[in-house]
Amino acid sequence: MSGEKDRLQRLAKQHLMLHFSDMTAYDDDEMTIIERGEGVHVFDQDGRRFIDGLSGLYCVALGHSHGDEIGEAAHQQMKSLSYSSNWTIAHPPAIELATRISDLAPDGMNRVFFTSGGSESVEAAWKMAVQWQQANGEPRRRKVIARKDAYHGVTMGALSFTGIPYCRAPFDPLGIPTTHVSNTNAYRHPQGDDEEAFCAALLVGVEEAIEFEDPSTVAMLIAEPVQNAGGCLTPPAGYWQGLREICDRHGILLCSDEVICAYGRLGEWFGAQRYDYVPDMITFAKGLTGAHFSMGGVLMHDKVAEPFFDGRASYNNGYTFGGHPVGSVMALKALEIMERDDVLGNVRRNESVASEALNGLRDIPIVGDVRGAGHFWALELVRDPDTREPFSGPGAEELFKDVLSEALFDRGLICRLDDRADPIVQIAPPLVAEPELFGEIAGILREGLEIAWDHAQESPRAHGSPAASISPI
Ligand SMILES: Cc1ncc(COP(=O)(O)O)c(C=O)c1O
């Protein structure tokens with residue numbers, strides 16, 4: 001080990017606590033320390049090159065080569081105004097960014113409240129919904145409808161909406177009363193093969209949950225256009241239109257959580273445009289700045305903005321770094337690059353390439369399902385492709401952690417193996433990726449999945465408690 005490498009390994013183990021990580025994993029093993037990025041690749045301390053197959057955490061929209069351009073915008077802004085808040089005063093970058101986002105937004109969505117990230121955005125949406133309901137004479141409406149297995153963040157409000165028991169359990173009971181309804185995993189639903197019946201069954205479930213809770217107590221329904229956790233769960237046709245109709249009928253605000261899906265991940269500026277609906281609020285973060293700065297926000301419909309601008313309500317919420325001027329100019333530059341380089345067009349053109357490459361893996365028996373949209377794909381892995389029996393228990397943990405994860409990593413692919421719901425492999429490369437990258441990723445996946453399948457045949461069937469999460473969120 002070189003002196004510098006050794007030093008960083010030692011200091012990391014002594015001082016740095018990783019997120020969602022079993023720190024004992026590094027007692028004997030090295031920590032992966034990523035030192036630099038270039039295009040769609042990142043490089044570790046040894047100079048080993050990896051495909052950034054998850055865009056960091058679904059946020060490195062522009063890859064790793066726009067630091068100079070975006071950094072120059074940041075530099076210029078720092079020279080004139082390095083910080084000013086959005087608390088009762090404004091500054092030009094936040095004004096320009098809010099205007100730009102409104103220009104890109106679905107019709108009728110014209111105002112933006114900035115935050116520092118996804119969890120804050122989700123909580124800000126709930127506070128907005130609750131105050132909106134109060135301003136409209138409905139002070140009892142505080143409850144939320146969310147979906148099973150969905151990840152909406154882990155700060156205490158957002159965690160109430162997150163439907164992953166593993167994340168919630170240590171902190172139960174959670175603050176905001178939330179009911180979790182079925183997600184859109186067609187592969188695991190008895191009517192999943194019939195899109196119309198599947199959609200109808202899901203919507204009946206939503207309606208029943210609202211009725212059970214008493215509609216006059218429900219403030220907001222939150223869902224992602226394509227749900228991340230559980231594995232890129234796309235909606236059946238008519239699903240979002242159905243949610244819109246149910247929310248309108250019951251006086252509930254519809255929040256489209258687009259922390260992952262906004263700014264091009266699905267080939268449109270917003271997931272709502274991709275699936276042709278207009279929500280009341282859109283929460284966003286991650287890709288807005290191409291992950292060059294931590295920034296998020298809530299985009300609201302004129303209907304939601306109304307009481308806050310006609311004197312009936314004053315929004316009781318704020319964050320020191322919400323709408324940071326440096327972050328705002330970086331976001332403006334990232335959006336400019338996306339438009340200039342037709343990044344959304346690239347995602348749209350790549351969608352069929354990604355689909356073909358990943359669906360080509362279905363001949364490997366461990367691949368139960370392949371699904372996704374844009375640059376956002378998942379493979380659901382099964383012990384038995386005929387019965388769709390999932391992997392579970394300590395054997396599954398070993399299979400994913402020690403066998404598959406290692407095989408993919410050794411071959412230069414960073415992606416996500418997640419077993420918080422049914423085990424999946426997730427692929428979400430930067431939006432600037434060339435089509436050839438999907439072939440390369442599929443090639444690596446094939447080798448890894450074949451090794452994992454062979455291993456699963458040799459090892460005894462394992463049952464017991466679900467394996468722990470193998471990768472971060
Ligand atoms: C849909 C969704 N909402 C909210 C969040 C929370 O965002 P953050 O980690 O920036 O707080 C995430 C994070 O992955 C997310 O995917």
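The legends below describe several close-up views of one predicted model. In this model, local features need pLDDT of at least 70 and side-chain atom pairs count only at pLDDT 80 or more, while totals for chains, interfaces and linings use all residues. Residues are numbered from 1 along each chain as its sequence is written.

**View 1. The open sheet of seven strands.** The strands follow the order β4-β10-β9-β8-β7-β5-β6, with mixed pairing; helices (H or I, at least four residues) and strands (E, at least two) are DSSP runs numbered from the N terminus, and two strands pair if DSSP finds at least two bridges between them. At the edges stand β4 (109–115) and β6 (178–181), each of which pairs on one side only. Neighbouring strands of this sheet are turned by 20° against each other on average, direction ignored. Within the sheet, β8 (residues 253–257) and β9 (residues 281–284) run parallel and are joined by three bridges, and Ser256 stands opposite Ile282 in β9.

**View 2. Helices α4 and α8 on the sheet.** Helix α4 (residues 92–104) lies across β4 and β10 (296–301), running at about 135° to β4; axes are lines fitted to C-alpha atoms, for helices over the stretch in contact, and angles run from 0 to 180 degrees between N-to-C directions. Helix α8 (residues 195–213) packs on the sheet and touches β5 (143–147), β6 and β7 (218–223), its direction making about 160° with that of β6. Two residues are in contact if their C-beta atoms, placed from the backbone, lie within 7 Å.

**View 3. The packing of helix α14 with helix α15.** Helix α14 (residues 394–410) and helix α15 (residues 436–458) pack at an angle of about 150°, with their axes 8 Å apart. That makes α14 roughly antiparallel to α15, a term for angles over 145 degrees, whereas those under 35 count as roughly parallel, 65 to 115 as roughly perpendicular and the rest as oblique. Among the residues making the contact are Leu399 and Val403 of α14, and Ile444 and Glu447 of α15.

**View 4. The hairpin of β1 and β2.** Strands β1 (residues 34–38) and β2 (residues 41–44) pair in the antiparallel sense over four bridges, and Val42 in β2 is the bridge partner of Gly37. The hairpin has two residues between the strands, and Gly39 takes a positive phi near 60°.

**View 5. Gly238 in its loop.** Gly238 is placed in the loop between β7 and α9 (239–250), and its C-alpha atom is separated by 7.0 Å from that of Cys199, 39 residues apart along the chain. Gly238 counts as partly exposed because it has 17 C-beta neighbours inside 10 Å; a residue is buried if 20 or more other C-beta atoms, placed from the backbone, lie within 10 Å of its own, exposed if 12 or fewer, and partly exposed in between.
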